[in-house]
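Have a look at the structure first, and then read on.

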Amino acid sequence: MSGEVVKSLVIPAHPHPVLCPEKNEGWQRVRDAFDNARKQIEESEADLIIIYSTLWPSVIGHQIQADPNPEWVMVDADFHDLGSIHYSLRIDSEFANAWNDANISRGLESRTVAYDGFPIDVGSVVALKLLNPDNRIPAVICSTNVYSNRAETTILAKSCMDVIKSQGRKAVAVSVMSLSNRMFTEDIKPEEDRIHSLKDDEWNRKILEFLSEGRLEDVSQLSRTIHDQIRVKKVVAFKPMWWLSAMNDNRNDLTGSILAYEPIHGAGAAVVVLDPESNGTGDKEYDEDDVEYYGGDRNVLESGSKANIPNPENTGPELHDPVEGKNTVNSQKAPKPVGAYPHARREGDLIYLSGVGPRQPVDNSIPGGPIKDVNGNPLDYDIRAQTRAVVDNISRILEEAGSSLENVIDVTSFLVDMDRDFSGYNEVWAETLGKVGPTRTTLAIRALPTPIAVEMKVIAKA
Amino acid sequence: MAKGEIVAGCLAPHPPHLVYAENPEQNEPASEGGWEQLRWGYERLRKSLEGVDYDVIVILSPHWQTYIGTHFIGIEKCSSKSVDPVFPNLFRFNYDLEIDVELAKAIHDKAEENGMAVKMMNNPDFRVDYGTLVSCHMVRPEWDKPIVSISSNRSLSYYSVEVMQEMMLELGRSTAKAIEDSGKRCLLIASNSLSHRHFVTETNPPEDMSKEHITSHAMHLWDMRMIELMKEGKSQQIIDEMPEFCEQAIAETDGGAFTWLLSALGVPKEPAILHGYGTIIGTGNAIVEWPVRNWSA
């Protein structure tokens, strides 16, 4: 599979470009910029629009909209006098559920929502009304957790990318946000609109200068500073840049273009398009820790929660650095072996992988949870999450070898509990390797060296 | 025309868990119960208000958040479904309520006269916020009284707790004067929790009370301090300590409802009645009544 983000957007959240662009020249320019961005999306190969909206705050982790066709009438809490927006959206439920599973696999608290009458936030409604008015492209909407930090927000993006890649999707990533978000606190006439202060305007222009140069990761790393300088302390901070940058592999050499920058009731409203093509400049200096799996303080309610499950790195055999040798292939992005062997070996046109499990490379954690605790007591675990993590690890090793999942030709799978797990394992297989079509043999075995439920042995073309 | 009056003021928190746990016919999800300490507190409040004659409920909810002044619903009949965007699994509530637009407009006009930024909300598609619905339902589940719904102006976000309090003190005074001029008997509700740090995970089922507790000792200490001040009738001290309370307990009083209530009641020195205290997903919630009708003039 070769899913990817084909375009990234920063767009404003206010309803004016939908409801009354004609009332102010600047609002009309924002509307025109939306139309321009819509055309760019239509001309791309995009088959999915992913919205990260700062106007949908959540408390219980992140929430992902999974109702295939949410319909209602949206009225803005402040700008209700501008009118109503009727919406009927096309949501990619399958992707939403897969993203939710991937979040959980990476340690995030996450859930989908699919309820009649759920109030889709104004930012998401504006985005989809203007960027995808005929619902030609299915969409996904994700909330912003009010407590989430950078690590959590980054992992949210990485789990999203896991699904984009496994499904081979061509996605447009959209951050719905103001730049400076200070509005006038009294009604103003449309013709009186301006950025609330010179300071806000200067910061906005600096952000846009960076984005026009494709320096998304630089903006991401300045998020806390930007928030301190030009953001009113509303429900959520300047988090969308963390998410958007992680959706772009934390790059600083994208190709950026500013389609509009105008005030909307004092706030900084910009329409920005970032293309993945390198602008030819050097890439970033990445100076914040990268993260792959969330192990934060989220599970504070339950004494038996995931956070308190003994780390399986302490319960299994000793880990080894992969053996280096002639034709060996080893990846920093794959879990360490439990013996003296390489991750893979290339012979002729074929690549032979050692057995691959779901353990994560950074902290040895097991997505979906280990099958038993340090005392050997059985634990509940998620076979789908484990299987998905196995496929991800296989993908990383093959990519290291210059190959990909699409070149897999034969797989032998090992399950420690065939009765319990075959169905879930089979389901994930169908979503991932099943689409590639390798031959497969599935065996029930008594145990694996670490507390995991599934392992795969793979042969692929180089 | 006789002067209007406030019969009581209530601190009536709005977590949707309380309606969810009551299983009223208007709410779609079903529960096994839960949060009984608070629901019994609401029972005691309802008992206390039994037989009290009043015309209107006037409520300020932090979940209708406005950044451009204070807004008032100006539609006489509001019917729709409210789905909580944060806890949609718990609260999908079908409502059909009446707004006292005349009183709403009177408070609006009085506040405007006193220099505040205000606006009437006249869009018929507007959905009433879930904070208003939860608090009103728990106080008066019969839904037989019209309400005045006031938004929470997030002035704290733009300025400071001090500025927020100045504005809410003025709104409270304007509310009291408009009520007096209206000739109506009103019940006032500040719809907010006290300390407001949530857990970010949810038990299965959500009503598993073995996992419910305050998020930290510091939050508990703040909640108890505020409750003691209410019980001692030290409203001015509550207002004085509000900046520290909002900051250190991440208190939901930052939305201004509590300050508005104390102001409308004339910053009372009379003791309040604590009907109940409990936590909901870690936040501190108190059900408190200021029985103004019983105070001698």
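## Chain B and its partner

Chain B has 9 helices and 10 strands (DSSP runs, H or I of at least four residues for helices and E of at least two for strands, numbered from the N terminus). Its radius of gyration is 18 Å, close to the 19 Å that the globule rule gives for 297 residues, so chain B is as compact as a globular protein of that length; the radius is taken over C-alpha atoms, and the rule is 2.2 Å times the number of residues to the power 0.38.

Please keep in mind that this is a predicted model, where local features need pLDDT of at least 70, side-chain atom pairs count only at pLDDT 80 or more, and totals for chains, interfaces and linings use all residues. Residues are numbered from 1 along each chain as its sequence is written, while chains are lettered from A and ligands numbered from 1 in the order in which they are written.

| Property of chain B | Value |
|---|---|
| C-alpha span along principal axes | about 55 × 40 × 40 Å |
| Buried share of the 297 residues | 56% |
| Share of contacts joining residues at least 24 apart, among those at least 6 apart in sequence | 82% |

A residue is buried if 20 or more other C-beta atoms lie within 10 Å of its own, exposed if 12 or fewer, and partly exposed in between, with C-beta atoms placed from the backbone. Two residues are in contact if such C-beta atoms lie within 7 Å.

Now to helix α7 of chain B, residues 217-231. Its buried residues are Met219(B), Trp222(B), Asp223(B), Met226(B) and Met230(B). Seen down the axis of α7(B), they fall within an arc of 100°, so they line one face of the helix; the arc is that of the directions from the helix axis to the C-beta atoms. These buried residues pack against α8 (235-248) and β10 (283-290) of chain B. On the face turned away from the buried side sit the exposed residues His217(B) and Glu228(B). After α7(B) comes Gly233(B), with a positive phi near 75°.

Across the interface, 33 residues of chain A are in contact with 27 residues of chain B.

In chain A, Glu455(A) belongs to strand β16 (residues 454-461). Glu455(A) is buried, having 22 other C-beta atoms within 10 Å. The residues it touches, leaving aside those up to four places away in sequence, include Gly355(A), Val390(A) and Phe414(A).

Definitions and conventions:
The expected span of a helix is 1.5 Å times one less than its number of residues.
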